[in-house]
Amino acid sequence: MLFEGLELVSALATLAACLVSVTLLLAVSQQLWQLRWAATRDKSCKLPIPKGSMGFPLIGETGHWLLQVFSKIFSHEALESYLPKIQLVIQDTLRAWSSHPEAINVYQEAQKLTFRMAIRVLLGFSIPEEDLGHLFEVYQQFVENVFSLPVDLPFSGYRRGIQARQILQKGLEKAIREKLQCTQGKDYSDALDLLIESSKEHGKEMTMQELKDGTLELIFAAYATTASASTSLIMQLLKHPAVLEKLREELRAHGILHSGGCPCEGTLRLDTLSGLRYLDCVIKEVMRLFTPISGGYRTVLQTFELDGFQIPKGWSVMYSIRDTHDTAPVFKDVNVFDPDRFSQARSEDKDGRFHYLPFGGGVRTCLGKHLAKLFLKVLAVELASTSRFELATRTFPRITLVPVLHPVDGLSVKFFGLDSNQNKILPETEAMLSATV
Ligand code: HEM
């Protein structure tokens, strides 16, 4: 009897400890999200803070004029104009990877690549390569400390993050000022140009502070997510040579890869890419099985019931993308990498709107999803048509999910070029990219 009583007390104590831990965990995670906004934004920024959502402060409330601006930034025409520049940045990067005598750390290099894409293509900055390298290091310091506790002491992560943000904002201000001078009277060719122009059209000329915050958030949204997906793509192509070969066959059939293995001259177009059905399946499957972001936060606007549980208005809830993909009944053999599940014959994702949501769902879905998919498709085409690559370790690395999904030791891979020009850095790449400013 005494023992039963003790067991009951111990069970209650464990239950209480669990409840306290869960409450603390939720409180800390909410604090960290709030801190992320505080860290990316300068206090003097007048852009609206979102209501009823933990979404991007830059975007603010749904229906805000900025949403219309963003629809232009990621419109079909805008994507068509980014495409040749994205292809050049990727080709140049793959050439550099192939000319490297040793294996490279793919995750680290993919981060540099997506940072370069955001700076050169999305924002159209013509920052010299050395300065870009320095800016990247500062940016990494900023990102590493975004989720630190708000303790403003020397050497604390918080202080390092704030210092990095200040250096970044200085660098961005210089680049924005140079760009504003150079673009006067020129055609608009990137997201930053569109942001500036469209805000003027809406009678809301943006201040320098708002432009700096806006650019920093665009880089933040694009950088880690796309680097994670790029790394997963390379890892899956390494693990599944049959998938890579099928991709090459599709490229050959569309005249993008000649039978001798030599890459086709010329640049890709959006309609060419949308005709590559198997490529689409491969990207979709990478995003299903290796979704970079675990989920998102929402504030409950109306009380609702889910599986017999009442979720009251005003609560903060988290939806899980990863668990949804793992448990969605529409996917057969969920743990198997099988791009053909998205083929026209099978279309496993056709039933139900919310079984497949690598880019989130609802009104706060990812605004850059078409750009991200375009980037991944070009990367896959260039990898398949111009590169041979081998895993440089005996086994594949372990995957971790925090802060985004990535291989623990970064994925070590040796790249070799397929064509005779492969190891040369083409001077026209830099020339074309700087011509955009
Ligand atoms: C593979 C790459 C990417 C993935 C997996 C991804 C995923 C996501 C997800 C899941 C959300 C919604 C978060 C939530 O529910 O609260 C989101 C939001 C967002 N993403 Fe992406 N994203 C990617 C790339 C990009 C790129 C390249 C950009 C553009 C530069 C971008 C811009 C945004 C923005 C602005 C939002 C906020 C939308 C809002 O709050 O209304 N993303 N992304």
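How much space lies in the largest cavity?

Guide: The model is a predicted one, in which local features need pLDDT of at least 70 and side-chain atom pairs count only at pLDDT 80 or more, while totals for chains, interfaces and linings use all residues. Residues are numbered from 1 along each chain as its sequence is written, and side-chain values use heavy atoms, with hydrogens and water left out.

The largest cavity holds about 30 Å³ of space, and the structure has one cavity of 30 Å³ or more. A cavity here is a set of points, on a 1 Å grid over the protein atoms alone, where a 1.4 Å probe fits but cannot get out, and its lining residues have an atom within 4 Å of a point; grid points are joined across faces, edges and corners, and the volume is the space filled by probe spheres set on the points.

The lining of this largest cavity consists of Thr-231, Ser-232, Met-235, Phe-290, Ile-399, Leu-405, His-406 and Pro-407. Two elements, α8 (208-239) and β8 (406-407), each give two or more residues to that lining, and α8 provides the largest share, with three residues. By class, the lining has five nonpolar, three polar and no charged residues, where Ala, Val, Leu, Ile, Met, Phe, Trp, Tyr, Cys and Pro count as nonpolar, Asp, Glu, Lys and Arg as charged, and the others, Gly among them, as polar.

The loop between β7 (399-400) and β8 contains Pro-403, which is joined to Val-402 by a cis peptide bond with omega of about -5°. Another backbone feature is found at Phe-155, which has a positive phi of about 70° although it is not a glycine, and which lies in the loop between α5 and α6. As background, most residues other than glycine have a negative phi, and most peptide bonds are trans.

Turning to the ligand, its iron atom has a single donor from the protein, the SG atom of Cys-366, 2.3 Å away; donors are N, O and S atoms within 2.8 Å of the metal (3.2 Å for Na, K and Ca), and the site may look incomplete, since water is not among the atoms. Cys-366 itself sits in the loop between α12 (321-327) and α13 (369-386).

Terms used: Helix = DSSP H or I, 4+ residues; strand = E, 2+ residues; numbered from the N terminus. 1 Å grid on protein atoms, 1.4 Å probe; cavity = no way out; pocket = protein on both sides within 12 Å on 5 of 7 lines; lining within 4 Å.
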